[in-house]
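User: I'm new to reading protein models. Could you walk me through one, feature by feature?

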Amino acid sequence: MNQPPAEPAGAPDPETIASLSARLEAAARVRLGRSLAIRHVNTGSCNGCELELRALSNVFYDLERFGLRFVDSPRHADVLVVTGPLTRNLKTALEQAWDAAAEPKWVVAVGDCALDGGVFKGSYAVLGGTGLSVPVDLAISGCPPSPTRILSGLRALLEANAA
Amino acid sequence: MAGGGDNGAIMSDSGIIESARAEACRPWRRHDLSAADWAETARAAAAESRVLLAHWADAARVYALFLDPDAGAAVPVSTAVEAGVYPALSPVLPSAALYERMIHDLFGHRADGAGDLRPWLDHGAWPCAHPMAARPSPPRPESDLLDFSDQDRHMVLSTGPVGGLIGEAAHLRLTLDGPAIHRADSLLGFTHKGTLSLMRGKSPRNAARFAARLSADSTVAHSIAFAAAAEAALEVAAPPRAQRLRVILLETERIAVHLDTIAEIARLAGARSVSARCGALRETVLRACQSAFGHRLMMDCVVPGGVAADIVAGGAEALVRALGDVASGLPEIRRQHDGTALASRLSGLGRISGAMAVSAGGIAGRAAGRGFDARSALMPAYGHLAPPPATQKAGDAAARQAVRLDEIEQSLHLVGCALDTLPAGPVAAALPQGSGEGIGCAESSRGDVWHWLRIDHGQIAAAFPRDPGWVLWPLAEAALAGAMAEDADIIRTSFALPASGMDL
């Protein structure tokens with residue numbers, strides 16, 4: 001068998017690699033970093049916050065134009081959006097979802113119940129807010145918060161993430 | 001006998017009822033039965049296919065609510081719990097099974113003769129067991145309730161409590177036989193918030209916010225039923241203007257919820273344009289609700305005694321404009337549903353038979369030919385406005401979709417009529433600091449909602465709300481068995497299965 005005619009190549013210049021990768025990284029942060037995958041976790045909600053989260057996908061708010069989208073699994077998520085007072089029956093589910101999401105990850109508590117238990121504070125079945133179980137990065141108040149409010153919170157997170 | 005119905009004729013063995021001690025449970029009378037008569041009443045109800053509307057408890061008694069056969073009244077009965085035990089209804093009335101599990105979890109009363117007393121709400125994470133009992137017990141050991149160790153030969157598809165894209169927290173386990181669903185098992189209780197204990201000791205006015213947060217897409221329906229129960233118990237009536245405003249709120253909620261469900265089903269069936277159109281119309285309606293009533297979902301707008309506030313100046317016009325948009329968008333949505341793609345995708349899915357529909361109210365019942373609608377006879381506020389129940393025969397997802405479309409049309413007409421004939425006057429009456437027991441009812445977008453309240457010197461002593469979920473989940477389980485696994489999401493959504501309302 002003949003040897004292939006291609007000659008062995010030396011290692012590329014390390015300085016070029018370093019400067020290229022720095023430039024790529026900067027470009028990627030601006031161009032590709034402006035996207036967040038969101039996993040919704042219900043910790044005992046009355047479904048009000050869910051209705052307004054779902055409304056984000058209607059043509060008036062069109063969530064996806066900002067690079068925000070809801071995903072099926074916490075393993076694919078950058079952000080966990082948590083709704084509802086933290087019920088004792090769903091604490092484990094929230095913690096499992098949080099463990100399953102890869103770093104870096106953010107937790108957004110949506111609605112008065114997720115802030116501190118809301119009107120359900122003090123019940124034997126409710127622990128309180130999301131923060132009792134996982135660290136919360138952003139809280140959006142309201143009962144339920146309007147889609148406009150939720151969207152503005154999520155976009156702030158997007159900006160902070162890209163900055 | 002007094003009250004709304006001739007209670008002498010309620011059960012086949014009317015002698016039992018007539019000999020029993022009756023207490024006012026306005027607008028009806030509740031008969032407190034001996035254990036033997038309670039069991040006999042259940043047998044008689046089963047023999048005559050009476051509908052069990054609700055089954056609940058307080059610390060000392062268990063209660064059952066039956067529908068009067070002429071559907072113009074409900075019949076409450078009760079029996080004392082002796083040494084923690086009462087005769088189970090489920091051996092003759094299978095729909096009582098979930099209630100018996102709930103009663104055991106919350107109060108510790110054991111249904112004697114029940115085939116299934118597995119935990120339902122108590123997943124072993126509470127600080128005590130039987131939290132609503134006079135004396136709660138030490139906590140139940142935590143156990144994995146999701147470990148159903150039965151059909152190991154089959155493949156199992158498990159979803160929830162964290163599942164779907166954005167939804168309620170419930171667990172549904174499908175046991176597959178090839179591509180078909182062999183059986184469906186649900187487990188709820190995840191979102192149990194202790195609502196009954198939070199209501200206890202509060203005035204009806206203060207407890208109304210818990211009724212409004214049982215299930216957000218039925219917030220108006222639950223609030224109206226709760227308010228009607230409180231008003232019945234305390235013998236006050238909401239002023240005529242408030243009654244009419246409640247009709248407007250409830251019908252607007254129905255339009256918004258039906259649009260949401262139709263959008264979701266269309267999305268799952270691949271009809272993206274229908275989904276987008278319905279989603280946009282829903283948003284238009286919610287924005288009009290914000291202008292007219294100050295809240296997109298109309299939460300806390302209905303309070304015991306009337307409504308929280310009058311319709312905002314200019315709000316009626318905003319509402320009329322939004323509903324006009326819905327009316328003009330409806331023919332195209334209908335045309336798309338009559339088109340072959342969507343119709344053939346939905347027809348035959350999640351079919352329930354007329355026999356199964358006997359106990360089902362709401363959309364599911366009406367789509368299978370049962371013409372029961374609480375607005376017709378059980379909600380006096382409607383009077384002559386009550387529309388004839390929109391019914392279909394097929395009992396499948398397509399029929400449920402058709403009923404939803406018909407009901408949107410009816411509700412559009414109803415809101416128009418109610419706005420045109422809105423009487424002048426106050427929008428709320430003061431509630432006296434009285435005592436009494438009452439039952440209220442409302443037809444939500446899913447079906448009939450019932451609230452029972454006992455008020456003691458102006459404070460709630462005991463309460464129970466019956467969400468349509470209690471009926472819908474067993475029905476959906478039955479409809480899923482035999483269906484294709486790939487259709488499970490559409491079937492679930494076509495029943496609009498709720499969780500929070502029945503998790504209490």
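User: Where do I begin?

Analyst: Begin with confidence, since this is a predicted model. It scores ipTM 0.91 and pTM 0.91. For chain B the mean pLDDT is 89, with 94% of its residues at 70 or more.

User: Which elements of chain B have the lowest and the highest mean pLDDT?

Analyst: Helix H1 of chain B, residues 14-19, is the lowest at 56, while helix H6 of chain B, residues 219-234, is the highest at 97. Also look at residues 1-10 of chain B, where the pLDDT is below 50. That stretch still has 24 contacts in the model beyond near neighbours in sequence. Here's the general idea: where pLDDT is low, the predicted coordinates should not be read in detail.

User: Okay. How many residues does each chain bring to the contact between A and B?

Analyst: Chain B brings 36 residues and chain A brings 34. On the chain B side, helices H4 (195-199), H5 (204-211) and H8 (272-293) each supply at least two residues. H8(B) gives the most, with four residues. Sort the chain B side by class and you get 19 nonpolar, ten polar and seven charged residues.

User: What about domains? How is chain B divided?

Analyst: Into domain 1 (7-112) and domain 2 (198-468). Taken over C-alpha atoms, the centres of these two domains of chain B are 27 Å apart. In the contact between them, 19 residues of domain 1 of chain B meet 16 residues of domain 2 of chain B.

User: Which elements make up the domain 1 side?

Analyst: The ones giving two or more residues are strands S1 (21-25), S2 (28-33), S3 (52-57) and S5 (74-80) of chain B. By class, the domain 1 side of chain B has twelve nonpolar, three polar and four charged residues.

User: Now helices. How do I describe a packed pair?

Analyst: Two packed helices are described by the angle between their axes and the distance between the axes. From H6(B), the contact uses B:Val220, B:Ala221 and B:Ile224. From H7(B), it uses B:Arg246, B:Leu249, B:Leu250 and B:Glu253. That makes five nonpolar, no polar and two charged residues.

User: What should I look for in the backbone itself?

Analyst: The bond from A:Glu103 to A:Pro104 is cis, with omega near -10 degrees. A:Pro104 lies in the loop between helix H3 (91-100) and strand S5 (106-110) of chain A. In chain B, the bond from B:Arg26 to B:Pro27 is cis, with omega near 5 degrees. You'll find B:Pro27 in the loop between S1 and S2 of chain B.

User: Which value of phi does A:Asp62 have, and is it buried or partly exposed?

Analyst: Phi of A:Asp62 is positive, about 40 degrees, although the residue is not a glycine. A:Asp62 belongs to the loop between helix H2 (48-55) and strand S2 (68-70) of chain A. With 13 other C-beta atoms within 10 Å, A:Asp62 is partly exposed. Now take B:Leu504, another non-glycine residue with a positive phi, near 65 degrees. B:Leu504 is in the segment after helix H17 (500-503) of chain B. B:Leu504 has 28 other C-beta atoms within 10 Å, so it is buried.

User: Can we finish with a loop residue? Is B:Ser90 buried or exposed?

Analyst: B:Ser90 counts as buried because 22 C-beta neighbours lie inside 10 Å, and the cut-off is 20 or more. B:Ser90 is in the loop between strand S6 (85-87) and helix H3 (97-107) of chain B. Leaving aside neighbours within four places in sequence, the residues in contact with B:Ser90 include B:Ala96, B:Glu100 and B:Gly115.

Terms used: Residues are numbered from 1 along each chain as its sequence is written. Chains are lettered from A and ligands numbered from 1 in the order in which they are written. This is a predicted model: local features need pLDDT of at least 70, side-chain atom pairs count only at pLDDT 80 or more; totals for chains, interfaces and linings use all residues. Two residues are in contact if their C-beta atoms, placed from the backbone, lie within 7 Å. Ala, Val, Leu, Ile, Met, Phe, Trp, Tyr, Cys and Pro count as nonpolar, Asp, Glu, Lys and Arg as charged, and the others, Gly among them, as polar. Domain bounds come from an automatic or database domain assignment. pLDDT is the predictor's confidence in each residue, from 0 to 100. A residue is buried if 20 or more other C-beta atoms lie within 10 Å of its own, exposed if 12 or fewer, and partly exposed in between; C-beta atoms are placed from the backbone.
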